[in-house]
Amino acid sequence: MTEAVRAPDGGLTAGASELKFRDPTRARELAGALEGVCEAIGRDRISVMHVCGSHEQSIAKYGLRTILPRRLDVIMGPGCPVCVTDVPEVDEAVVLAADGIRIATYGDMVRVPGTTRSLADAKAEGARIDVVYSAAQAVEIARGTDEEVVFFASGFETTAVATAAVILADPPSNFSVLSAHKYIPPVMEIVAEMPGTRVEGFLAAGHAATITGSSLFEPFVDRHGIPVVVAGFEPLDVLAGLLKLVELVRDGEPRVVNMYPRCVTAEGNRNAQERLWRVFRTVGGRWRGIAHVPNGNLRLRDEFAHVDARKRFRIEVQRLWSHAPSALTQMCICGDIMAGIASPSDCDLFGKECTPEAPVGACMVSNEGTCKIWQQYGGHPDL
Ligand code: SF4
């Protein structure tokens with residue numbers, strides 16, 4: 001059963017909900033408490049993973065690594081949806097665009113490299129690409145034209161709920177969806193089962209848990225004996241979440257703890273879950289650079305074939321595969337970074353051939369990508 005930490009009683013781990021979320025004094029107290037717990041564990045290295053680009057942004061933006069215990073390794077896992085969108089999924093969108101279909105998609109997706117080209121390259125060659133901020137905006141574009149409009153949809157289950165909502169709201173007949181949506185829990189299984197994994201606990205994303213509920217992680221904890229703490233995104237949310245997580249590691253207590261009770265409940269948003277699973281089903285598929293993830297991809301159910309771009313159009317991505325990816329692309333280690341076995345600074349291209357202005361890999365494109373975050377804010381613990 002999930003513990004929700006609600007009422008602070010002055011204890012440092014109590015109630016992230018009632019902390020002043022950027023208070024430097026409380027931040028130092030939490031960091032000191034983290035130091036004490038890590039010392040009590042006594043090992044040279046304690047490794048935990050978060051699976052959310054927003055957590056990495058908070059850690060990097062507020063310089064939290066500079067106050068974390070040196071022996072605590074907070075690894076960014078596969079928590080950037082743009083980064084894990086697989087190359088063939090980008091290729092599908094590029095082929096549709098090259099065939100004259102109008103593509104609407106989120107801004108970051110435009111520059112993500114496919115096998116040889118991105119949507120930005122297709123646009124430079126004359127394709128119609130619209131950047132949208134929501135699935136609803138993609139529907140509006142379709143309503144305003146007779147052209148076929150395909151919404152190239154990326155994001156985890158939280159974002160997929162919005163895609164499901166527009167599909168259920170009777171979109172126009174020229175609208176369809178190319179789903180690259182992903183489902184986070186199965187990839188946590190992959191990380192936990194990786195041979196030689198160092199991950200001793202997971203910090204789960206608070207926003208996704210508002211939909212799924214914190215109890216979603218209980219079967220994972222039961223299976224793997226690894227604690228999960230749901231945390232928010234303010235600096236003190238992250239520090240309080242990490243403190244609770246290392247306490248659970250110290251105490252050998254594999255449990256789910258909800259440290260974001262101001263937004264997250266155990267059962268989540270049932271209405272949103274109902275919409276999500278009415279429209280989508282899980283299927284196995286590759287996550288870029290990581291692995292085949294059983295049940296890791298969200299695809300439209302058969303009853304929604306009429307809005308499924310994969311059923312509506314013949315998409316022949318093989319024609320892109322006659323060109324080998326560039327030598328630089330082959331040097332990208334995004335997959336190792338998202339699996340927690342490498343850092344951006346381990347990549348020879350980081351900050352040199354690969355920058356946010358000229359990204360080689362997907363991790364340098366998105367604001368939630370580790371490489372872009374490190375490049376923007378500096379992410380190395382020795383800052
Ligand atoms: Fe890939 Fe660029 Fe990151 Fe290197 S720095 S891993 S090339 S995205």
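1. A disulfide is here a pair of cysteine sulfur atoms within 2.5 Å. The model under review is predicted. A search of the whole structure under this criterion returns 2 disulfides. With bonded cysteines counted along the chain, the pairing pattern is 1-2, 3-4.

2. The link of C80 and C83 is right-handed, with 75° about the S-S bond. Both C80 and C83 are buried.

3. A disulfide also joins C334 to C363, with an S to S distance of 2.3 Å. C334 belongs to helix α16 (residues 334-338), whereas C363 sits in the loop between α16 and α17 (370-377), so the bond ties together parts that are 29 residues apart in sequence.

4. Are C334 and C363 buried or exposed? The cut-off for buried is under 20% relative accessible area. C334 has a relative accessible area of 6% and is therefore buried. C363 is at 0% relative accessibility, so C363 counts as buried as well.

5. Two further cysteines, C332 and C371, deserve a remark on accessibility. C332 has a relative accessible area of 29%, so C332 is partly exposed. C371, at 8% relative accessibility, counts as buried.

Note on methods
Residues are numbered from 1 along each chain as its sequence is written. This is a predicted model: local features need pLDDT of at least 70, side-chain atom pairs count only at pLDDT 80 or more; totals for chains, interfaces and linings use all residues. Side-chain values use heavy atoms; hydrogens and water are left out. Buried means under 20% relative accessible area, exposed over 50%, partly exposed in between (1.4 Å probe, protein chains only). Helices (H or I, at least four residues) and strands (E, at least two) are DSSP runs, numbered from the N terminus.
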